[in-house]
Amino acid sequence: MVTTIEEPRIRPEWLVGGALTLLAAIVIIVVTLVVGAGEPEPVVVPADADELTAGTCAADLRQPHWVPDDVRHAVAECPADISAGIGRTTAEDHLGTWITYMLDGPENAETFRGGPGSAWPDGDVRAGDYHPAASVVYVAYLDSAELADELSGDNVTVEWEALTESGLDVRVTRVDNNGYGPVRLEWTDDVGSYLLLGTVGRTPTGSAGATVPELIRMADSVAAEDE
Amino acid sequence: MPSTRTWLQAGGGTVVVALIAAAVVQAVNSTAMWVSNDPVGECGATSGGAVVAAQNVLSASTGLAPVDGSWDDGSTVATEAFQAYNGLPVSGCVDSGTWTTMRALLVSVCDPEFDCRGPDHRVRYAGPEGVREAYFAENDCDWGSYVLPGVAGSPVASHTIIALSRDAVTEIECEG
């Protein structure tokens, strides 16, 4: 008796169906990637601004717990970094620790295209269209109980402001150029002395950088939540 | 008739008072140096130590290079951009208002009550191509510019302190 065993055959419709399924999966993946690339990254605002320096040498530093919403990241520089950057022997144990908070958004981004020169249209330059990235610099001088010398000048105003949360007084120095210009906040507490520096920048669409109330709130947050 | 001892005490006291007064005047002049500088640029000096100081700030704030103590078109454009962003009248001239604005950007890298000897003030900007920074020294003798390699151009040498107040590009050594 002869038994004929039919070998399994791959039916053409299976091949066609499989190919179509694979093609559809590829299309779905590609479309998802393309659409996803056009969407902005989800904004992750840390609950406490000190998370911005987590894992750096400034992690345990007394620092702002609040920063403006436009701040997305910070760069910490400790005395050894600064000393190395200077390239000349300095007393490292008396150097401050720096945190630079970068502000996000088109008005805060650097707009330089090459070095300054004739390639920069005069009208654009005069309108404030060529400007650096906006940031806020925070410096902590531990074991220091003094402030830097007070600035002076025709366009300088110096006022003392009471910080409502921490109860400290902060010296606010403004170089007030028609509402724009650098702003310095300096204060001391039982641990050291501190400085916040920002610039209210003039741009064609308005202003860049942190506002004075935002800088004051940052300063107030340094000691307010440390307990 | 005052005795010799009295004269010696009076003379010694006078010397001490004079030394204290000189120190105070020196400190005041050093602090005020930035706002009392003569204009730089098309409206003033076009070479020298004050030009180096202005160019050093502009190198950090606008990317101007080189810092060589010679005023040029790039320095003028950089000054105009600096003035516009900081709300100053745009003139291309580093006048007293511009000097004061520049001075406010200098942050001590050193405890305010301690003399770190050497470069002790810094201007820092972060750009997409990296950090731009300039250093200055404020010791007991004078303000000085400290220009980093890659930015300094002859006759300005990097890693030296260039006197701000001198007419020519002159290196100074502050004892601290």
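Okay, let's start in chain B, with an open sheet of 5 strands in the order S3-S4-S5-S6-S7, paired antiparallel. Helices and strands here are DSSP runs, H or I of at least four residues for helices and E of at least two for strands, numbered from the N terminus. Two strands pair if DSSP finds at least two bridges between them. At the edges of this sheet sit S3 and S7 (161–163) of chain B, each pairing on one side only.

Before I go on, a word on what you're looking at: it's a predicted model, where local features need pLDDT of at least 70, side-chain atom pairs count only at pLDDT 80 or more, and totals for chains, interfaces and linings use all residues. Residues are numbered from 1 along each chain as its sequence is written, with chains lettered from A and ligands numbered from 1 in the order in which they are written.

S3(B) and S4(B) share 2 bridges, antiparallel, and B:Val107 has B:Arg122 in S4(B) as its bridge partner. What packs on the sheet? That's H2(B), which touches S4, S5 (130–138), S6 (143–146) and S7 of chain B, with its direction at about 150° to that of S5(B). Touching means contact: C-beta atoms, placed from the backbone, within 7 Å. Axes are lines fitted to C-alpha atoms, for helices over the stretch in contact, and angles run from 0 to 180 degrees between N-to-C directions.

Now chain A. S2(A), residues 97–103, has 6 of its 7 residues buried, so it is largely enclosed by the rest of the structure. Buried means 20 or more other C-beta atoms within 10 Å of the residue's own, exposed means 12 or fewer, and partly exposed is in between, with C-beta atoms placed from the backbone.

Next, H2(A), residues 79–86. A:Pro79, A:Ile82 and A:Ile86 are buried.

Which brings us to the interface: 46 residues of chain B contact 59 of chain A. H3(B) gives the most to chain B's side, with 8 residues.

Methods. Contact = placed C-beta atoms within 7 Å.
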